Amino acid sequence: MASSLHSNNTQICPNPTALNGGSAADGNSQISKKPRLYADPPPLFTPSDIMSEFSHHDPAVARINNGSFGCCPSSVLSAQYQLQLQWLRQPDNFYFNQLQPKIIQSRTIIKDIINADHVDEVSIVDNATTAAAIVLQQIAWGFAEGKFCRGDAAVMLHYAYGAVKKSVEAYVMRAGGYVIEVPLPFPVSSADEIVKEFRQALRRGKQNGRKVRLAVIDHVTSMPTVVIPVKELVTICREEGVDQVFVDAAHGIGCVDVDMKQIGADFYTSNLHKWFFCPPSVAFLYCKKSTNNSDLHHPVVSHEYGNGLAIESAWIGTRDYSSYLVVPKVLEFINRFEGGIEGIKKRNHEYVVEMGQMLVKAWGTRLGCPPEMCSSMVMVGLPACLGISSDHDALELRTCLRDKFGVEVPIYYGPPKDGEEGGVVTGYARISYQVYNKVEDYYKFRDAINQLVDNAFTCASLPIS
Amino acid sequence: MEHEDPRNSESPHRSSKKPKFSSNYIPESEIRDEFSHHQPRVARINNGSFGSCPGSVLAAQRRWQLQFLRQPDAFYFNTLRNGITASRMIIKDLINADHVDEVSLVDNATTAAAIVLQQIGHSFAEGKFKKSDTVLMLHCAYQAVKKSIQAYVTRAGGSVVEVRLPFPVNSEEEIISEFKKSITEGKSNGRKIRLAIIDHITSMPSVVIPVKELVRVCREEGIDQVFVDAAHAIGSLKVDVKEIGADFYVSNLHKWFFCPPSVAFLHCKKSNASSDVHHPVVSHEYGNGLPIESSWIGTRDYSSQLVIPAVLEFVNRFEGGIEGIMERNHEQVVKMGKMLAESWGTNLGSPPEMCTVMIMVGLPSRLCLNSEEDASRLRSYLRDCHEVEVPIFYQVPKDGEDGVRANDGCITGYVRISHQVYNTLDDYEKLRDAINQIVEDGKTCEMLCIE
């Protein structure tokens, strides 16, 4: 499973202008040097290089949950540590002369990767949860200031992330908005099923003369995980006169293709610490330039208030911004893989599908979606005899796998549909594949489940906590 | 797995015990070691802006960070919440709060301001408050707080009244008197004052405000809520939230309490208002109370919130613990302030009893510091050409007044010097000599060349 070392590379070469961000007026500014224009690209990682980069991971754990908290290689951690020390050494100097140019540098790199038009459209924030607060707070103001009518709607997926749902409650419902959830089938067989449900939900949203002010669409849902056809859904939103579209792509960059112009949303956020090898935590929020969204603010207000979201987000009081600043180092890391980030994505996807299929064959179950609707994660059905019949069961099984078998994998409980009888798969594991994984990780998981089945384990036998 | 827990303290409830034997106190050489990561040769007399963190606490922080990276799921499910609770328990004891439920950990005072003001903003937007109702703040409130008021109060239709405090200041009575005047203004025409925001220690210029008295005045005057912005307080002076009696009290722990950037506590007295405060970054914990909401605002590095036990161990290596540190910092900063004022022929911005670990010292009028730009320029010049880091304050002269007269003109500029355990006499002599050099060279702020 190791990546083979081919000689023709299709790596992303850093844009020379990207690494020279920063204003000339900074006194002791250490604006980054121009990149060396390599005669030969830097050497690709060998498998043992990769192991070494992730040697800080717990070796006793089959770590197949990259989706929740991501991962960060040690060369990036070292770079982060250096930045932290630089701050601690002389914080005033860092604040006045280095912090802002370095943030602009990171933003510029991200802008190029995501095909945004202008660096002004790219803000860096802590995580997608923060981005959601930013987007939804402006919706709340729309209601409070009478721009929107009470009862105007926001649409979101039923499988939207828990924090996003709560944000919608805190900012939209509280302000008088009406929320519509799009039910999605799971297991799902095709993108068309999703498109159909979405259209119907939009129609409901527009009933009684209501206007749909915002659609929140996941690019890759979390639990259960499925790749959503966002481009198509955004197009439908435009056709149906939805004011704004916010794509929550927490799992986006490094997992699926992120092309802002192609997708066409008003807002798009993705975590960089999940699939883009940044340390916890950092995300970008893309805001398409338009008159519609000049009213975005970071909820933590500093003296930069009113200078545009990107500038506001670059200073929200004293804190450790080092995770925002390592993006150049991450790019270096990624470019030592064949094909750069595209190569990593492709191989992650291929391997996770291969491992998913291996598991369903071993357990006699099924995948939660067709391979083309998954990214670097896939839902794998668990044997029905395990008797997973609630969210509590799913969590307990997950704990059991962690504590007794050294396997870290999130478990999803999917209630049986009406009319379905016993023997139905109700539990799914969301397995992931990232560059540090090995086939042994998935064998360990396979064997753990098989052992539980052999032992006639059922979730009903778990202690009630 | 609890036995791997890198917390130094075994008991989560350890309050600040004083060390027993003098031979156990941390020697000078170890103090230097603890701060050996600071840039050498820089006279670092601005602890107020960004604080400082000793090496042993940084090491504890690194252990927490590595533990998360090693197995983040196990950390999230088994370790994080307990670690944050342990930190909150220590803070609760330090500040004499009644219950740990009243103590939330957030990034910094700026975040706490957003939390308190968003709640006020909701009340205006939802019609609980009338548009004419007011929020009271100090004129010298921290800029981020002023902007937060703009973002959450003014935008929602509320009005603002600013209390103009005199500076230089001579006594607490001057402050109390101005404050009462502004309350009268805020309540004029039948208006209600919904919130008073009071700094415990103002930032620029820095002065200790008699918050206990001011909170009492607020209660007497029927002001709904009082929010004390005590960004500099903990580790600078004694913090007793019961005694002070505010509804909300925030202090940064990374300024004067040796935590890494960044962490602050927000104390919310149990009341109707406190049940409607939320962290603006909403996670699945929304509705479970501010301390719980703040303990999970999405994936991020929470290590700065987890090292408080290690900080306690650090401060207890000093004679008198944190109280001893505060006392000595105060003595030294006053001594150094007087030394500078004498050398420059200027003044102190407040009497010694109205400062704690920072003090404002007048700059020679010959520097002709006549604008914010001049102040900024001087600060950069001191940093770049003299390796002195100190913030400069420009005092806008009041109409018709000459300002404080010194030997040869009006004092329009002040330095805010600080003293923390790593400072030495050299630092202040360096500043003294740098300013004297500029004056001797006949340079004014305008003439200073910066790179």
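These points go through the predicted model, from the chain interface to single residues.

1. **The A–B interface: extent.** Chain A touches chain B with 61 residues, and 61 residues of chain B take part in return. The size of an interface is often given as the accessible area lost when the parts come together. For chain A and chain B that area is about 5500 Å². Carbon and sulfur atoms account for 55% of it.

2. How many salt bridges does the rule find across the interface of chain A and chain B? There are 9. One salt bridge joins the side chains of R398(A) and D73(B), at 2.6 Å from N to O. Residue pairs in polar contact between chain A and chain B number 30, with both partners at pLDDT 80 or more.

3. Several helices of chain A each give at least two residues to the side that touches chain B. They are α2 (66–69), α3 (74–89), α4 (91–97), α6 (128–144), α7 (162–173) and α15 (391–405). By class, the residues on this side of chain A are 24 nonpolar, 22 polar and 15 charged.

4. **Two domains in chain A.** The division puts 89–333 in domain 1 and 340–461 in domain 2. The centres of the two domains of chain A, taken over C-alpha atoms, are 29 Å apart. In contact across the boundary are 23 residues of domain 1 and 26 residues of domain 2.

5. **The domain interface: area.** Domain 1 and domain 2 of chain A bury about 2100 Å² between them. Of this, 67% is on carbon and sulfur atoms. Which residues of domain 1 of chain A lose the most area to domain 2? They are F186(A), M223(A) and W275(A). Together these three make up 30% of what the domain 1 side buries.

6. **The domain interface: polar links.** The rule finds 1 salt bridge across the interface of domain 1 and domain 2 of chain A. It also finds 5 residue pairs in polar contact there, both partners at pLDDT 80 or more. The side of domain 1 that touches domain 2 has 16 nonpolar, 6 polar and 1 charged residues. A salt bridge in chain A pairs K345(A) with D257(A); their closest N and O atoms are 2.9 Å apart.

7. **Helix α13 of chain A.** This helix spans residues 327–334 and is mostly covered. Of its 8 residues, 6 are buried. The buried set is V327(A), P328(A), V330(A), L331(A), F333(A) and I334(A). The elements of chain A that cover these residues include α1 (47–53), α3, α5 (99–114), α12 (322–325) and α14 (340–363).

8. **Cis peptide bonds.** The bond from F186(A) to P187(A) is cis, with omega near -5 degrees. P187(A) sits in the loop between β4 (178–182) and α8 (191–205) of chain A. F186(A) was also named above, among the residues of domain 1 that lose the most area to domain 2. The bond from P280(A) to S281(A) is cis as well, with omega near -15 degrees. S281(A) belongs to the loop between β7 (267–271) and β8 (283–287) of chain A.

9. N115(A) has phi near 60 degrees, a positive value in a residue other than glycine. N115(A) is in the loop between α5 and β2 (122–125) of chain A. A456(A) lies in the segment after α16 (439–454) of chain A. At 60% relative accessible area, over the 50% cut-off, A456(A) is exposed.

10. **V239 of chain B.** V239(B) is in the loop between β6 (225–229) and α9 (241–244) of chain B. Its relative accessible area is 6%, so V239(B) is buried. Which residues does V239(B) contact, leaving aside neighbours within four places in sequence? The contacts are L94(B), I95(B), A233(B), I234(B), Y249(B) and F265(B). I95(B) is 144 residues away from V239(B) along the chain, yet their C-alpha atoms are separated by 5.2 Å.

Technical notes. Residues are numbered from 1 along each chain as its sequence is written. Chains are lettered from A and ligands numbered from 1 in the order in which they are written. This is a predicted model: local features need pLDDT of at least 70, side-chain atom pairs count only at pLDDT 80 or more; totals for chains, interfaces and linings use all residues. Side-chain values use heavy atoms; hydrogens and water are left out. Contact means heavy atoms within 4.5 Å. Buried area is the accessible area (1.4 Å probe) that two parts lose on being put together, summed over both. A salt bridge is a side-chain nitrogen of Lys or Arg within 4 Å of a carboxyl oxygen of Asp or Glu. A polar contact is a pair of N or O atoms within 3.5 Å; within protein, one must be able to donate a hydrogen and the other to accept it, and residues adjacent in sequence count only if both atoms are side-chain atoms. Helices (H or I, at least four residues) and strands (E, at least two) are DSSP runs, numbered from the N terminus. Ala, Val, Leu, Ile, Met, Phe, Trp, Tyr, Cys and Pro count as nonpolar, Asp, Glu, Lys and Arg as charged, and the others, Gly among them, as polar. Buried means under 20% relative accessible area, exposed over 50%, partly exposed in between (1.4 Å probe, protein chains only). Domain bounds come from an automatic or database domain assignment.
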